[in-house]
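Hello,

Here is the structure I promised to pass on. Please open it beside this email as you read.

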Amino acid sequence: MTAPSTNPFLGPEDSSGAPVPGRRPFSPRDLHDSAPPWIDELLFSSNAVHCAAAGGPSDCEGRALEPAGRCLAHLDDDALDAYLNGIGPGSTIEHQGTHFTADLLGRLLDVLRDPGDGRPHLGNADFNHAVFDETANFGAAVFADDAVFRGAVFEGEAVFSDAKFSGADSSDHCMATFRHAHFKGGANFRGAIGRLSLKDTHCTGRAVFDKAELYDTSFSGAEFESASFKSAQLFAPYIDSVSLVKADFTKAQFPRGAVLALHIPGEVVFNGAVFDGEVTFEGGFGGVTEFRGTRFSGRTTFSASFTGPVFFSRAVFGGITTFDQVNFHGGAAFDEAVFEEITTLGPLACDGVLDLSFARINAPLFMEAAARRINFRRVRWAATATLRLRHAAVDFTGAALEYPVGVSAQPSPFAGPDSFVDESALAGSDAGVRLVSLAGVDATHLMLSDVDLSGCRFIGAFHLDQLRLEGCRFAPAPEGIHWRRWVPVRWTPRQMTLAEEHYWREDNDATGWMASSADTSPWSVTAPDPLEEEPRETSAQTGESTDAERLAPTGPVHTEGGRAYVDARATREPHVPGPTEIGPVYRKLRKSFEDSGNEPDAADFYYGEMEMRRHDGERPPGERWLLTAYWALSGYGLRASRAIGWLLAAMTGTVLLMMLWGLPVHDPEPASTGVVTGQRFHMVTTTPDPESPDGPFADRLTAARLQKSLGVVVTSVIFRSSGQDLTTAGTVIEMGSRLAEPALLGLGLLAFRGRIKR
């Protein structure tokens, strides 16, 4: 058996440092991390003697060392030298409540340095309620057992960079407890390794955990003005109710997942971070929040509120992803993000732009979102998607739809009795869904329900004839009388016209035609990309939209008739489409409506198609004249009132012509003459030619002649001959009426059928 140690300042122990039978010295293992704060005082007072109680300064609460009866800070030089000479690497250190200067702490750690690696090695280390008056430099220290800094106060910077909190076995990560500690000058845990408890700590300055390797670390209730976790590895951390002004987790790694309940009013950065396990984000983020290039390999859940803009640019969601009860008050960018597993986005509210441009959807997606604008430009949909939206202007430009995608308007708010979705910022806007563009989209797999298409750009889309539309609204043609070059104009009423036709007619000075407010508008920059070495260029320099250019739509808006419009001249593209481009779009949408059995509404698209053909300057003049006549007589066979009006006018004109020139003065009376020759009798009956009237016009307009003229005209409409004797002019007039009037009658019947057919 080895001889006991003779160091008078330590409790009875053998040469290995293990306590021998007798009075057991105070151990930090008695303080469990889950114990309430008052346990500290109880255990401290029952196991140790304060320096003041042993005859030291009256205000000193440091642990008195036996037999000197003073704490380490109040030992005289001889006693301090004796204490320091009696300890070495791996010794138990117990200095609860002691005040340390930088020099005193430096002398203590110097005697604990291992000559082999030059690092201080501590066994059980208890600095419970200790006060470090200056910089506390524990850099590169090795804590072989538990380390307790519960309630400690660091007046200067606390340096634990490259410290290692572990036992002899590198896999045995012991606990370092800093509960209720106060870091007044910041804390540096850069490169530290171990298991920490920072519950309810307060850090006035910057807390640095860059490149640290932390296991089962708890930050519950901690308060940091600023924290940096760049390139750190966090194994199953629990960060609950943490108060941070700003935090940086750039390239941090969370190998076992994490629970992050954060309340951070400033900027938060997770750029390049890796979450390998299940991760949950809760709480509130007040500044710019960035997850650029972040990888989420496990199940990911967000139930938080973001006051500033959020960037998930180039993020990869490898597990099941849920954004439930999330509020984005400053916009959210998921541009170039990848969703590998089933994703649920919503219910959520976004008082700005929800940008998924260039994202890849590789698994089924379900979205319930209320947002001002949702950007699906160049999104690759490699799986089915159901999108239920509110208040949103949606842009599908260039999206690739490989599987069915359904977009519908949600009539009622997503917020319910148990919902935290806040749509109050959107309350003043239209709750409907407005589609901005389908340019470059293969519409084979797209279904739209109750969507406003009054400002949608269709030119450039493919297979529009296979687009499925239910309850969708298009821009109506202008109503009422409008003036064009001092000439009053009344446009043919239509409930379904394309935005492209509005732009084309407005560009040709047609009054009353304008683009809806759902049309495209410019963007402005709101946040830089910290991963880029050079500042991000603006769209004016690159020709491409930047982050904030996707996050804040603006544009000159005016109202007319209770409806909001954007000035087409201020926002339209340099190239205004013409009839050659617009006509095929009308034709394909007409076929889509006809294939779905909605022929009455398809009639408006047929009218638009014919209008574009009539105005197409590349078509032969003869065809355009024929189409003009078709339009003037019957509105392309769709305006029954126009055809019937022309029919009545033609009949009225024919009646008038018949009364004036078509009917003879008197109906010719046949005359018979006979010759008797022997026993034979020969009789000849002749009818004289009708005599054309030659008197005054007033004498020809009589009731009798009107009655006869009406009979001739009415029978002519149905291709029948009246049998009435007519003058030569009357015969010609009747032939013309028998050709024109039945045609006009047919056009009128055709128009009636087109409107009532199902």
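Below are some notes on salt bridges and then on one helix.

Please bear in mind that this is a predicted model, where local features need pLDDT of at least 70 and side-chain atom pairs count only at pLDDT 80 or more, while totals for chains, interfaces and linings use all residues. Residues are numbered from 1 along each chain as its sequence is written, and side-chain values use heavy atoms, with hydrogens and water left out.

**Salt bridges**

I counted a salt bridge when a side-chain nitrogen of Lys or Arg is within 4 Å of a carboxyl oxygen of Asp or Glu. Searching the whole structure on that basis gives 25 of them.

One of them joins Asp 110 to Arg 113, at 3.1 Å from N to O. For burial, I call a residue buried under 20% relative accessible area, exposed over 50%, and partly exposed in between (1.4 Å probe, protein chains only). Asp 110 is partly exposed at 44%, and Arg 113 is partly exposed at 35%.

Arg 380 and Glu 402 form another, at 3.0 Å from N to O. This pair links distant parts of the chain, 22 residues apart: Arg 380 is in strand S38 (residues 380–381), and Glu 402 is in the loop between strands S41 (400–401) and S42 (405–409). Helices (H or I, at least four residues) and strands (E, at least two) are DSSP runs, numbered from the N terminus. Arg 380 is partly exposed at 37%, and Glu 402 is partly exposed at 37%.

Arg 390 and Glu 423 also pair up, at 3.1 Å from N to O. Arg 390 sits in strand S39 (385–390) and Glu 423 in the loop between S42 and strand S43 (433–437), so this bridge ties together parts 33 residues apart in sequence. Here Arg 390 is buried at 5%, and Glu 423 is buried at 11%.

There is also a salt-bridge network, made up of Arg 494, Glu 501, Arg 505, Glu 611 and Arg 614.

**Helix H7**

Helix H7 covers residues 579–595, 17 residues in all, and reaches 24 Å from first C-alpha to last, close to the expected 24 Å (1.5 Å times one less than its number of residues). Its buried residues include Ile 582, Tyr 586, Leu 589 and Phe 593. The buried residues of H7 pack against strand S46 (468–470), helix H4 (499–507) and helix H8 (599–615), with contact meaning heavy atoms within 4.5 Å. Just after H7, Gly 597 has a positive phi of about 85 degrees.
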